[in-house]
Amino acid sequence: MISLSSYAFVSMMLFSIGVIGVIARKNIFVIYMSIELMLNGITLFLVTFARYHFNLDAQVMTVLIIAIAAAEAAIFLSVIILLFRSKKSLDTDVFTTLTQGEKS
Amino acid sequence: MNTPLLVWIILAPLLGAILNAGFYFYHIKKQKISDKIFSIIGTGTPLIAFLITLYLFLQMKEEGIIFTQNLFTWISIGDLTIQMSFLGDNLAIFMSMFVTFVGWLIHIYAIGYMKGDDAFGKFFAYFNLFLASMLILVLADNPVILFIGWEGVGVCSYLLIAFYYGDKENVIAGNKAFIANRVGDFGFLLGVVTLFFAVGADSLSFSTIEANISNASSELLILSGFLLFVGAMGKSAQIPLYVWLPDAMAGPTPISALIHAATMVTAGVYMVARFHFLYSGIENIGLFIAYIGAFSALFAAIIATKQQDIKKILAYSTMSQLGYMFIAVGLGFYSSGLFHVFTHAFFKAMLFMGAGGIIIALHHEQNIFKIAQHRAQLPIIHFTFLVGVIAISGIPPFSGFFSKDAILAAAFQEGEYLLWGIGMFTAFLTAFYMFRLYFIIFVAPTKNVSQHIYTSKTITFPLLVLSIGAITAGFLNYPAIFGGETMVDAWLVQLNSNVIHMSHSTEYILMAASIIVAVAGIFVAYKKYAKFDIYKPESEKGIIANKFFVDEFYDKIFVQASKKLSTFIDKVVDEKIIDGFIMTVCNEFVSFGKKVATIQNANVRFYAGFMLVGMSCIFVYLYILLGL
């Protein structure tokens with residue numbers, strides 16, 4: 001029997017990897033994938049605790065999150081395509097139109 | 001006795017002012033309204049006021065009652081209650097009698113004078129408002145209501161002096177009148193407040209003040225008496241606040257007549273008489289008032305001998321006559337002072353109207369020598385002007401003699417020989433400069449006399465009525481030694497703290513002396529000016545013709561100094577200190593903001609990292625705080 005803390009550890013690892021990916025990487029695709037990773041880390045958490053407490057509420061929520069994540073992926077990918085068309089680049093550091101301080 | 005009629009004396013001209021103003025707006029915005037409507041409203045409402053006053057006067061005479069009317073409680077704060085109430089006692093009814101009557105005649109005169117003017121309706125609106133303000137002042141039951149009228153009169157004089165506001169000089173004259181009056185008003189206001197604290201009564205009506213005046217300490221009473229008199233100095237054009245009066249001649253002549261005869265300048269004398277209970281308690285202030293009056297009288301008379309503007313001569317003569325009135329009220333002879341106000345209203349209104357008629361006939365020429373050079377045929381104005389000149393000079397049996405002589409006799413009886421001497425000398429000067437004016441305008445040989453006779457009925461009718469008044473008004477207070485009945489003295493007897501009682505021989509000698517002085521003045525004027533060569537006018541140089549350089553002095557001391565102070569405050573205090581401080585704080589915020597704004601660099605990764613740090617801090621905080 002795998003303990004609850006192991007599940008929690010895995011989901012936290014997933015979330016942390018996602019966070020690091022968002023912060024450290026420049027490529028928008030990788031950032032997007034990292035966001036998905038964070039989302040999945042959290043859903044894993046939910047499912048784990050749903051099992052642990054024998055409660056279906058969180059399971060339902062998870063299914064819903066997966067469905068929404070699929071829809072979100074469609075929008076995100078199209079946004080990425082548009083971004084690429086405008087600047088011919090996927091480097092986030094290029095997209096600084098809304099800056100307030102000194103333009104770098 | 002409570003009567004609903006009293007307030008209508010004020011409301012009638014006030015309604016006239018509102019109606020005229022409304023019609024005038026209609027007149028300029030929509031459709032022309034004929035001058036007739038304005039004149040009917042403008043002259044009708046003062047007539048109504050006069051008739052009501054006359055009715056109340058007759059009733060009062062018959063039954064000896066005092067009228068009051070309490071409309072509503074106007075201000076009620078803590079212990080202080082101020083009623084919107086009006087008082088028609090002997091003094092107020094006496095005053096409003098001739099204010100409404102002379103005011104009415106001047107309104108009629110104004111129809112002729114202002115004929116064809118674009119702003120005819122506006123003029124009558126202001127005129128009625130002026131009269132209404134004066135009546136508020138006269139009929140007020142407490143100093144606060146009196147102050148409304150006091151200020152109203154000031155505003156209207158400003159509006160009317162600057163009536164032809166297209167001309168910058170008129171506007172400056174209007175401002176000067178207003179500002180000089182403000183100085184006085186400030187004194188008046190402080191005086192009322194001091195009086196309120198001194199007396200400590202919970203209502204400010206004249207009767208309560210009078211009843212509680214013994215509670216007050218004499219120092220405070222002296223202070224408030226002095227401050228109130230500062231107000232009177234401003235309104236009644238006494239030294240040192242007289243400077244506005246000659247400049248007030250910038251307005252159309254009916255205004256000068258109204259200011260000088262019926263309203264405005266008499267307000268100061270009236271106010272002192274109204275506070276007679278205060279001034280009779282503090283004798284030094286009374287003497288101070290008398291001396292200010294005497295010096296103003298002398299000072300104005302000296303200046304008047306060298307002036308060349310017909311209206312300015314009359315203006316200085318008003319100031320001089322007001323000086324006489326203050327001598328009388330200062331010494332406690334209130335009825336004599338008010339009697340002089342009364343007779344003065346007749347002959348001074350007449351003189352101004354006559355001057356206005358001459359000015360109109362000669363197309364707005366005011367220099368007496370130029371008027372003489374183009375002399376016009378003005379028989380009625382000539383006659384009434386002569387009556388006025390004789391009356392003001394103090395030749396019996398014209399009205400001016402009786403009132404002026406009573407004042408001089410009062411000064412003599414009180415042992416104030418200096419006041420008496422100044423008064424006598426001023427009487428001499430008065431006769432001299434008034435006849436100088438008369439001889440130059442009407443008598444001195446001239447080459448061309450226009451044969452065209454210029455007279456308008458609305459101009460001559462009031463003149464004739466007033467000339468009757470100027471001749472006969474003196475008999476209302478016919479001295480007892482001629483077997484007469486001093487009706488005015490009897491009417492106002494309760495005000496007087498002093499009455500004239502001297503041996504008959506002294507009185508005869510004094511009268512003879514004042515007649516001799518007046519005749520001497522006329523004789524000197526005759527010698528000098530009856531054959532005067534009007535084509536060689538007197539020089540306008542010299543200290544007297546330049547009014548002792550008082551205007552220049554005031555300009556240097558007060559106007560330039562306050563200008564310098566304003567510049568200093570503007571350029572140094574405001575721009576350097578206050579602006580400097582505020583702008584420094586502001587600039588600091590801006591530069592700090594700029595520094596903070598560099599965080600917002602639109603770098604997604606940076607934002608995400610920042611969020612992470614922030615959230616981590618929150619979690620750590622919660623972990624420690626909640627002990628999770």
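Which domains does the domain assignment give for chain B? There is domain 1, covering 282-539, then domain 2, covering 546-597, and domain 3, covering 601-628. Please keep in mind that this is a predicted model. Taken over C-alpha atoms, the centres of domain 2 of chain B and domain 3 of chain B are separated by 51 Å.

Let me turn to a hairpin in chain B. Strand β1, residues 67-77, pairs with β2(B) in the antiparallel sense, over 9 bridges. The two strands, β1(B) and β2(B), have 2 residues between them, and B:G78 in the turn shows a positive phi of about 55 degrees. Within the pairing, B:F67 stands opposite B:G88 in β2(B). Strand β2 of chain B, residues 80-88, is largely enclosed by the rest of the structure, because 7 of its 9 residues are buried.

I now move to a helix. Helix α17 of chain B, residues 379-393, has 15 residues. From first C-alpha to last, α17(B) reaches 21 Å, close to the 21 Å expected at 1.5 Å a residue. Among its buried residues are B:I381, B:F385, B:V389 and B:I392. Against which helices do the buried residues of α17(B) pack? They pack against α14 (310-330), α15 (334-361), α18 (399-413), α19 (417-443), α20 (457-472) and α22 (504-529) of chain B. Just after α17(B) comes B:G394, whose phi is positive, at about 85 degrees.

Methods: Residues numbered from 1 in each chain as written. Chains lettered and ligands numbered in written order. Predicted model: local features only at pLDDT ≥ 70, side-chain atom pairs only at ≥ 80, totals over all residues. Heavy atoms only, no water. Helix = DSSP H or I, 4+ residues; strand = E, 2+ residues; numbered from the N terminus. Expected span 1.5 Å × (residues − 1). Buried < 20%, exposed > 50% of the residue type's maximum accessible area, 1.4 Å probe, protein only. Contact = heavy atoms within 4.5 Å. Pairing = 2+ DSSP bridges. Domains from an automatic or database assignment.
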